[in-house]
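Please keep the sequence and the model side by side while going through the points.

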Amino acid sequence: MSKSSVALMDTLRRSLLVLAAGTFVMVTAEMLPTAVLPQMAADLGTTPDRVGVLVSAWALAVVVVSFPLVRLAGRWGRRDVIVVAMAALAVSAALTAAAPDYPLVLAARLLGAAACGLLWASVNAHTADLVPGDRLAPAVAVVLGGATLGTVVGVPLAGVVAAATGWRAAFAGLAVLAVLAAVAVRVAVPAAGAHVASPAGAAPDDPPVRMVLGRVATTTGLVGLLLVGHFAAYTFVTRLLAAPATALPGGVPTLLLVFGLASAGGLAVVGRLPAARVALALPTAGALTAVALALVPLATAHLASAVGVVVLWGVATGALPALAQTEIMRRAGERLRTTAGALIPVVLNLGVAVGAAAGSAVVARSGASAVPLPAALVVLVAAAGLAVAQARMRRATAFPASLSRNTPSAMTTVSPQSRSPMGAEPNQECMNGA
């Protein structure tokens with residue numbers, strides 16, 4: 001390998017790690033109120049449920065503002081957008097730390113949510129810019145590894161800081177991390193990938209934009225449906241597995257830690273998948289999630305079965321975000337990369353919101369034990385839809401290839417008797433795309 005190739009690989013690794021640090025900050029910022037909920041409520045003179053609204057309002061804001069902000073920032077380079085949005089996230093955290101009352105905290109959080117929606121869209125698209133298509137899944141796994149660490153490490157660590165020095169210190173520390181992340185992106189991440197020649201261009205044999213958009217929308221919608229089923233059950237995981245968790249040291253928090261570690265394992269598996277297996281792995285992970293949810297009612301009596309279900313559930317759902325993002329970005333191609341990048345955070349947050357609301361409706365009527373089986377059915381339908389969509393796409397891409405192998409332009413010789421004196425051969429070549 002030449003020195004230039006080695007230098008390029010080093011730059012790519014460093015860039016992905018820096019973007020992973022950015023997703024760590026983003027997820028920590030989103031979920032931080034859950035770690036400091038009692039302290040915030042007491043200090044701001046409000047109720048814990050109003051502090052909880054800070055998380056749901058964040059998700060709703062991401063859904064509403066992502067597409068408009070992506071359009072407004074469309075003329076900027078993606079790296080510059082990431083830097084500016086990360087700086088805005090730092091401002092949001094600093095304002096939250098200094099806010100004297102709940103309305104100002106809510107306003108600061110909405111600013112952070114807007115920045116985070118733009119960040120997710122830009123990071124998703126820029127990751128695809130940096131690497132060739134056959135390396136997208138490992139790259140996405142690295143970048144989303146930071147998000148996983150934000151859930152498993154960042155939020156609990158913020159809770160420790162808040163317990164020791166107060167919730168405002170936790171948000172101030174988050175502001176410092178966001179500034180450092182913005183500087184690191186500006187210094188260490190290239191503006192575009194070396195393999196991208198003309199991101200806005202389209203090859204002559206590319207499918208029509210409407211067809212590509214339809215494929216992206218189908219995949220994204222099915223992923224969203226899958227997330228609805230997952231979050232309908234996961235929202236109430238502490239109630240569903242409370243009984244067997246009593247036999248585990250640390251109880252439910254330890255079981256949730258097992259889930260988080262299993263999720264990290266699922267993400268690591270995605271990073272090692274061959275490019276040809278990624279598309280098949282997405283519906284497979286969905287099917288495994290459905291199996292895990294269906295087994296939850298059978299796992300409420302024994303600790304070993306509960307741990308087994310949690311591990312299966314964690315591995316399958318840990319792999320899902322990276323697999324879904326890879327497949328969506330791959331189907332979008334370079335022409336619709338920005339649109340696809342914005343779709344991903346919108347669908348994720350809608351999955352959280354709709355899933356939690358649907359699960360809450362079932363719990364209010366029939367109790368938590370009634371959630372897993374319908375949730376498993378929803379996930380199974382989505383996984384089956386993803387498998388069908390993938391099979392149709394394979395057939396659609398294989399059909400033109402089979403035609404090209406049987407056309408005269410693909411033959412090494414052409415009979416002189418078959419040629420028209422009026423120039424039919426050039427016309428035939430034109431029809432074949434030559």
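1. Contact here means heavy atoms within 4.5 Å. On that basis, residues 24 or more positions apart account for 84% of the contacts in the protein chain with a separation of 6 or more.

2. A word on the source. This is a predicted model, in which local features need pLDDT of at least 70 and side-chain atom pairs count only at pLDDT 80 or more, while totals for chains, interfaces and linings use all residues. Residues are numbered from 1 along each chain as its sequence is written, and side-chain values use heavy atoms, with hydrogens and water left out.

3. The protein chain has 16 helices and 0 strands. Both kinds of element are DSSP runs numbered from the N terminus: helices are H or I with at least four residues, and strands are E with at least two.

4. Next, the surface. Of the 434 residues of the protein chain, 45% count as buried. Buried means under 20% relative accessible area, exposed means over 50%, and partly exposed is in between (1.4 Å probe, protein chains only). The accessible surface of the protein chain comes to about 20500 Å², and 69% of it belongs to carbon and sulfur atoms. Such areas come from the Shrake-Rupley method with a 1.4 Å probe, and for residues only the protein chains shown count as cover.

5. How do helix α6 and helix α13 cross? The axes of α6 (residues 136-165) and α13 (residues 303-332) come within 9 Å and cross at roughly 135 degrees. Axes are lines fitted to C-alpha atoms, for helices over the stretch in contact, and angles run from 0 to 180 degrees between N-to-C directions. The two helices, α6 and α13, are therefore oblique to each other. Angles under 35 degrees count as roughly parallel, over 145 as roughly antiparallel, 65 to 115 as roughly perpendicular, and the rest as oblique.

6. The crossing of α6 and α13 is right-handed. The rule is that a crossing is left-handed if the near helix is turned anticlockwise from the far one by less than a right angle, and right-handed if clockwise. On the α6 side, Leu136, Ala137, Val140, Ala141 and Leu144 take part, and they meet Pro321, Ala322, Gln325, Thr326, Met329 and Arg330 in α13. By class, this contact of α6 with α13 has 8 nonpolar, 2 polar and 1 charged residues. Ala, Val, Leu, Ile, Met, Phe, Trp, Tyr, Cys and Pro count as nonpolar, Asp, Glu, Lys and Arg as charged, and the others, Gly among them, as polar.

7. Helix α13 also meets helix α8 (residues 209-234), with axes that come within 9 Å and cross at roughly 165 degrees. That makes α8 roughly antiparallel to α13. The crossing of α8 past α13 is left-handed. Among the residues in this contact are Val212, Arg215 and Val216 of α8, and Trp313, Thr317 and Leu320 of α13. The contact of α8 with α13 has 11 nonpolar, 4 polar and 3 charged residues by class.

8. Gly221 is placed in α8. Is Gly221 buried or partly exposed? Gly221 is partly exposed, with a relative accessible area of 43%. Its C-alpha atom is separated by 9.9 Å from that of Gly351, 130 residues apart along the chain.

9. The axes of helix α4 (residues 78-98) and helix α7 (residues 167-188) come within 8 Å and cross at roughly 165 degrees. Helices α4 and α7 are therefore roughly antiparallel to each other. Their crossing is left-handed. In the contact of α4 with α7 there are 20 nonpolar, 1 polar and 4 charged residues.

10. Arg186 belongs to α7 and is partly exposed, with a relative accessible area of 45%. Leaving aside neighbours within four places in sequence, Arg186 is in contact with Arg79, Asp80 and Val83. The C-alpha atoms of Arg186 and Asp80 are separated by 7.4 Å, although the two are 106 residues apart along the chain.

11. Two buried residues close the note. Ala113, in helix α5 (residues 102-130), has a relative accessible area of 0% and is buried. Not counting residues up to four places away in sequence, Ala113 touches Trp58, Ala61 and Val62. Met26, in helix α1 (residues 3-35), is buried with a relative accessible area of 1%. Beyond its neighbours within four places in sequence, Met26 is in contact with Met86, Leu89, Cys116, Leu119 and Trp120.
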